[in-house]
Amino acid sequence: MEDYLLVTENLSKLYKGVAAVDKVNLHIKKGCIYGLIGKNGAGKTTIMKMIAGMASPSSGSFSYVGFNGGTDEAFSRIGALIESPALQPNLTAYDNMKIKCLAYGIGDKEYINQKLELVGLGKVGKKKAGKFSLGMKQRLGIALALVGEPDFLILDEPINGLDPQGIVEIREMLVKLNEGGVTILISSHILEELSKIATDYGIINQGKIVEEITNEELMTKCRDKIQIKTKDVAQIVTILDANGFVDYSVSDANTIFVFDKINEISTLNMEIAKAGILVDSIGVIASDLEEYFLKTTSMTK
């Protein structure tokens, strides 16, 4: 059995009788970076609020099986940045951090400075948080979420508003935190960026989980491949084996995907023709995360 940190069972949330989250079953492994993918209004933020203890489920349940003390203990070991950071606009980044640290019984000035340096806010001085750009506010929100050294970090669109350099810095920081043992649940609309760090994904549409998939499985589905449509799948497999094609899969009774030696499609086509095998079509198809996401979510319409 997987070493799960968090499991939800038919987790649901209704607003005025309408399901914002509809019987969601998530399985977040301890030590993973779990990417929650969905359009605006799909239910991502609502799920995060419920598992962070900020909203109550209408039905269903969730449990932090990875914490010996269960859900109550888990809430004290969670760091969260959900929707807009809860900042005091008339205070500096340092003073915002100081308030949070005092609530956790942390009075070390250097601790605050280290966290601000970590998110790239070490040199903002006495500038008030209300004057920060959106990206700076996101950075401060992440720093606040890291107070208390959480074991589980929940981040709702954390790279929203960041410039390319800032995205790289936050990405590297999250990878470092994860390598240090922090499990991360993160949502983002920038799927290409998410794919650089996520180990697992949950795809959500209209409040329902469409698919849970590992990064390895997703990359396999999203890489370029030769697609062969034929009624003679078994004979095609024989041709593939005879010509050194080893990375392929039979998708269904009439479809084969070939993932290696894509540039040798002409040779493969010739060998199939020489063997007298009829094919309906053969060609290279390219795929990417955006395309896969759109295709997958369209299944629930």
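Reader: How many cavities of 30 Å³ or more does a search of the whole structure find?

Author: The search, which covers the whole of this predicted structure, finds 3 cavities of 30 Å³ or more.

Reader: OK, and what volume does the largest cavity have?

Author: The largest cavity has a computed volume of about 70 Å³.

Reader: Which residues line the largest cavity?

Author: Its lining includes Ile159, Ile167, Ile170, Arg171 and Leu174, and Ile186, Ser188, Glu193, Leu194 and Ile197 also belong to the lining of this largest cavity.

Reader: Which helices each supply at least two residues of that lining?

Author: Those are helix H6, which runs over 164-179, and helix H7, which runs over 191-194; the largest share of the lining, 4 residues, comes from H6.

Reader: And how do the residues of that lining divide into nonpolar, polar and charged?

Author: For the largest cavity the division is 7 nonpolar, 1 polar and 2 charged residues.

Reader: Switching over, what about the second largest cavity, what volume does it have?

Author: The second largest cavity has a volume of about 60 Å³, and it is lined by Ile37, Leu191, Tyr201, Ile203, Leu218, Leu289, Tyr292 and Phe293.

Reader: Where does the largest share of the lining of the second largest cavity come from?

Author: It comes from H11, with 3 residues; helix H11 (289-298) and strand S9 (200-205) each supply at least two residues of this lining.

Reader: How many polar or charged residues does the lining of the second largest cavity have?

Author: By class, this lining has no polar and no charged residues, while 8 residues are nonpolar.

How values were computed
Residues are numbered from 1 along each chain as its sequence is written. This is a predicted model: local features need pLDDT of at least 70, side-chain atom pairs count only at pLDDT 80 or more; totals for chains, interfaces and linings use all residues. Side-chain values use heavy atoms; hydrogens and water are left out. On a 1 Å grid over the protein atoms alone, a cavity is a set of points where a 1.4 Å probe fits but cannot get out, and a pocket is an open set with protein on both sides within 12 Å along at least five of seven lines; lining residues have an atom within 4 Å of a point. Grid points are joined across faces, edges and corners, and a volume is the space filled by probe spheres set on the points. Ala, Val, Leu, Ile, Met, Phe, Trp, Tyr, Cys and Pro count as nonpolar, Asp, Glu, Lys and Arg as charged, and the others, Gly among them, as polar.
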